[in-house]
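User: I am new to reading protein models. Could you take me through some features one at a time?

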Amino acid sequence: MSAVQPIPADTYKLGFIGAGKMAESIAKGVVKSGVLPASRIQTAHKGARRAAFESIGVSVAEHNNQVVENCDVVIFSVKPQVVKDAILQLRPVLSEKKLLVSVAAGVKLKDLQEWAGHDRFIRVMPNTPSAVGAGASVMSLGAGATQEDGEIIARLFGAVGKTWKADEKLFDAVTGLSGSGPAYIYLVIEALADGAVAAGLPRELALGLASQTVLGAASMATQTGKHPGQLKDDVTSPGGTTIAGVHELEKSGFRGILMNAVVAAAKRSRELSQN
């Protein structure tokens, strides 16, 4: 096999197949952070989604094959059930000069590579907080993707949050944690606010405090480098209010419930990706 032609890091063009919310989030983050100017990004759409991309200066073509022909890096940001057809339709123009990326949940590299006809492919599992620049994205490189390819994609997804690399066999567990996890935390925020309302707080104040408390706790965990158990100990003074609350959570099996949620979602991800 001939040497892979490197993607020109300073001049490459980025294309999106699928003009949905995830594509919009990435495009906006990449432009806002200065990773790429809007003039080097393209997607295709004939309907109402055109405006969302044109408003940030991204050009919108009529057809997907125009996007592939014009771009060096192509991100398939379509729903899992249509990714196969999207790739197969474009296969004639998907040369190995192009770095291909999929964000479709549950669709394996082996299948993506087979449909595209080559293995210069990277699979990324992002999550919805990418929309506000606080995403958690995990990537796995196909056999034909170079380390430099991986760095380019890490920079793109780094514009909408944090990125990690992991073996693809871990992706079901990743889905159970960071993919589905935001929903668990929304339940936590809502429940904390309900508890505060029960204790006498007005709803608006309760929701504001609950959201900011979760954000603050997560920031402490990521920024201090301390183990979460240590951070919990730092807040729980002897015979105080916090340990009384923690005791109630422990009596109800709070940790086990969250562990079970991640395991159940990972199991469901495994079932769906086998279909």
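User: How much space lies in the second largest pocket?

Analyst: Keep in mind that this is a predicted model. The second largest pocket holds about 480 Å³ of space. It is lined by 19 residues, and those closest to its centre are Lys21, Met22, Ser77, Lys79 and Val103.

User: Which helix gives the largest share of the lining of the second largest pocket?

Analyst: Helix 1 (residues 21-32) does, with three residues.

User: What does the protein chain look like overall?

Analyst: The protein chain has 12 helices and eight strands. Its C-alpha atoms fill a box of roughly 70 × 40 × 30 Å along the principal axes. Of its 275 residues, 39% count as buried.

User: Which residues are buried in helix 6?

Analyst: Start with the general idea. An α-helix has 3.6 residues a turn, so residues three or four places apart point the same way. In helix 6, the buried residues are Asp149, Gly150, Ile152, Ile153, Leu156 and Phe157. They lie on the same side of helix 6 because they cover an arc of only 160 degrees around the axis. Gln147 and Glu148, on the other side of helix 6, are exposed.

User: How far apart are the end C-alpha atoms of helix 6?

Analyst: They are 16 Å apart. This agrees with the 16 Å that the 12 residues of helix 6 (residues 147-158) should span at 1.5 Å a residue.

User: What sits over the ring of Tyr12?

Analyst: The charged end of Arg40 does, 5.4 Å from the centre of that ring.

How values were computed: Residues are numbered from 1 along each chain as its sequence is written. This is a predicted model: local features need pLDDT of at least 70, side-chain atom pairs count only at pLDDT 80 or more; totals for chains, interfaces and linings use all residues. Side-chain values use heavy atoms; hydrogens and water are left out. Helices (H or I, at least four residues) and strands (E, at least two) are DSSP runs, numbered from the N terminus. The expected span of a helix is 1.5 Å times one less than its number of residues. Buried means under 20% relative accessible area, exposed over 50%, partly exposed in between (1.4 Å probe, protein chains only). The arc is that of the directions from the helix axis to the C-beta atoms. A charge sits over a ring if NZ of Lys or CZ of Arg is within 6 Å of the ring centre and within 35 degrees of the ring normal. On a 1 Å grid over the protein atoms alone, a cavity is a set of points where a 1.4 Å probe fits but cannot get out, and a pocket is an open set with protein on both sides within 12 Å along at least five of seven lines; lining residues have an atom within 4 Å of a point. Grid points are joined across faces, edges and corners, and a volume is the space filled by probe spheres set on the points.
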